[in-house]
Amino acid sequence: MSGFVRSMLRNPGGLIGLVVLVLVILVAIFGPLAFPNSPWRMVQRPFLPPFSLSAVPLGTDALGRDVLSGIIHGARVSLLVGLVSTIVALAVGIPLGSIAGYFGGRVDDALMRFTEFFQTIPSFALAIVLVAILQPSIYSIVASIAIVSWPPVARLVRGEVLSLRTREYVQAAVVTGQTHWRIIGREILPNALSPIIVLASLMVATAILLESSLSFLGLGDPNLISWGYMVGAGRTVVRQAWWITVFPGLAILLSVLALNLIGEGLNDALNPRLAKGGR
Amino acid sequence: MLSFVAQRIVKGVIVLLAIIVLNFFLIRLAPGDPAVVMAGEAGASDQIFVAQLREKFGLDRPLPEQLFRYVKGIASFDLGFSFRQQAPVSKLILDRLPATLLLTMSAFAISLLFGILLGGIAARFAGTWADTAIMAAALLFYATPLFWLALMAILLFSVTLDWLPSFGYETVGANYTGLAHVLDVGAHLILPATTIGLFFMATYARMTRASMLQVNRLDFIKTARAKGLANRLIQRRHVLRNAILPVVSLAGVHSGTLVGGAVLTETVFAWPGIGRLMYEALIQRDYNLLLGVFVVCSAMVLIFNLITDLVYRVIDPRIEIAA
């Protein structure tokens, strides 16, 4: 473990990513305490440029709402959606992939056809359709992001399980009469954890991008402010008031970049042989 | 090769059928009784009209029969009627399809060309400042939200520098013809196509670099070196040709993302394609149109996947030797 920490620390990109992510998490947790007022509230005159008033350092939007307060409150939505939808996607993909890889044969065939089918459907278009039909809410957003994100997990886990299944220690577990589920859960999956962790960190980044894209198109939860919504709301006035779109967009960019850097750092640390490999 | 193509087409048709069935059930999931919603969209809501609609669209029939009618309808490219736009969905889509094809294909060409080029340069000069700069830029564009990049491009190139038009397909009211028209459309195309292209360029550059470095370590490259071949020739003829294969299969996998990129980019640049149509359907909650666009997008992705599969077969040097 200490070797892992050391190799993570030696990776400057991963370290920068970690620092930025911790910062974003702190803002998401404590920010709303420092800015207890609703980000939807009008605080100043509309279109107040940034850096002109210390009370609203990033200026106000078309309705006089504080841009900084919106970014701080939006951090919660972005991180929460990114994290929860990834957990749901893992909860779907890991069992499916394990079953396909472990049992093989027809079960594998059927499950992989099913997975391929979901991979062929244009994912963002499907997410749009699902959120529009289920009505925009934080639940429908998480559900639709999870629905379009689980297939790569299933494929990765299947591949790992497939190669680990024939190892001697797994065969030994079979001989001792352990149940299939126990073998999968206790013997195989713990050894397949590294690539799953790497994939999961990149999935959180993709989920944040997806959530912001949906909110940008007006499919965000109408009760929660999010970065994508802010960029979407400022879109029509971008010529007059650049700051309304620039700052929330930077927040998305930084968070996603941080997660990607962490994913790469983890990849280098956990799979030293594959270091510097492509995605 | 022929049987391979036939096999792929059959597989594609099966997937498309499954998507159509999925679509059918999604429409049923949409809020409200479809007949009442349609009546509302048409601006009337009396019972007789609703009953008429129900009969006209077969909504009074049992579910399996409705499904059969729906699939049959799509087979003859009947995707239903959009009451909001007062036109058949298929006509609306067909009108917009060429613009989307132009945009996505240009973006695809830009990303593949520059992605492979930059990835190749990064691999060739691995470990130098050029490599670091290219990879840093790739990482940055990979993390940038597409819709925001589009807006920033407008801010920089249209508002600040005033170099390029920021919206639409052509200059309204200019009525250019011939070469002037082509140039006009081209000028409008640059920003949206490059915006989509940059994201994919980042991915392809990373993939090309990793793949080329991997191929460079293989034995047959050592043999080529031992033969005394010039490095430039080895890189171009042996390394790149093999290294490009995973990039092509990645491009196939990405075609779905390309469609998603079109929705966002067309929305920002007011590009009159099916992505923009999807956004309009979304804003007006026009579910018939929304799902129609979805089916067409899925079909486009399937066709694109088929093409990349074929290209892969053609350029894979190992298959050439086997044949």
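Here are a few questions and answers about the predicted two-chain model above.

Me: Before we start, what should I know about the numbering and the cut-offs?
Reply: Residues count from 1 along each chain as its sequence is written, with chains lettered from A and ligands numbered from 1 in the order written. In this predicted model, local features need pLDDT of at least 70 and side-chain atom pairs count only at pLDDT 80 or more, while totals for chains, interfaces and linings use all residues.

Me: What pLDDT does chain A average?
Reply: pLDDT is the predictor's confidence in each residue, from 0 to 100. In chain A, 95% of the residues score at least 70, though residues 275-279 fall below 50. The chain A average is 89.

Me: How many helices are there in chain A?
Reply: Helices are DSSP runs of H or I with at least four residues, and strands are E runs of at least two. Chain A has zero strands, and its elements read α from the N terminus on. The helix count is eleven.

Me: What share of chain A counts as buried?
Reply: Buried takes 20 or more other C-beta atoms within 10 Å of a residue's own, placed from the backbone. Chain A has 279 residues. The buried share comes to 48%.

Definitions and conventions
Contact = placed C-beta atoms within 7 Å. Buried ≥ 20, exposed ≤ 12 C-beta atoms within 10 Å, placed from the backbone.
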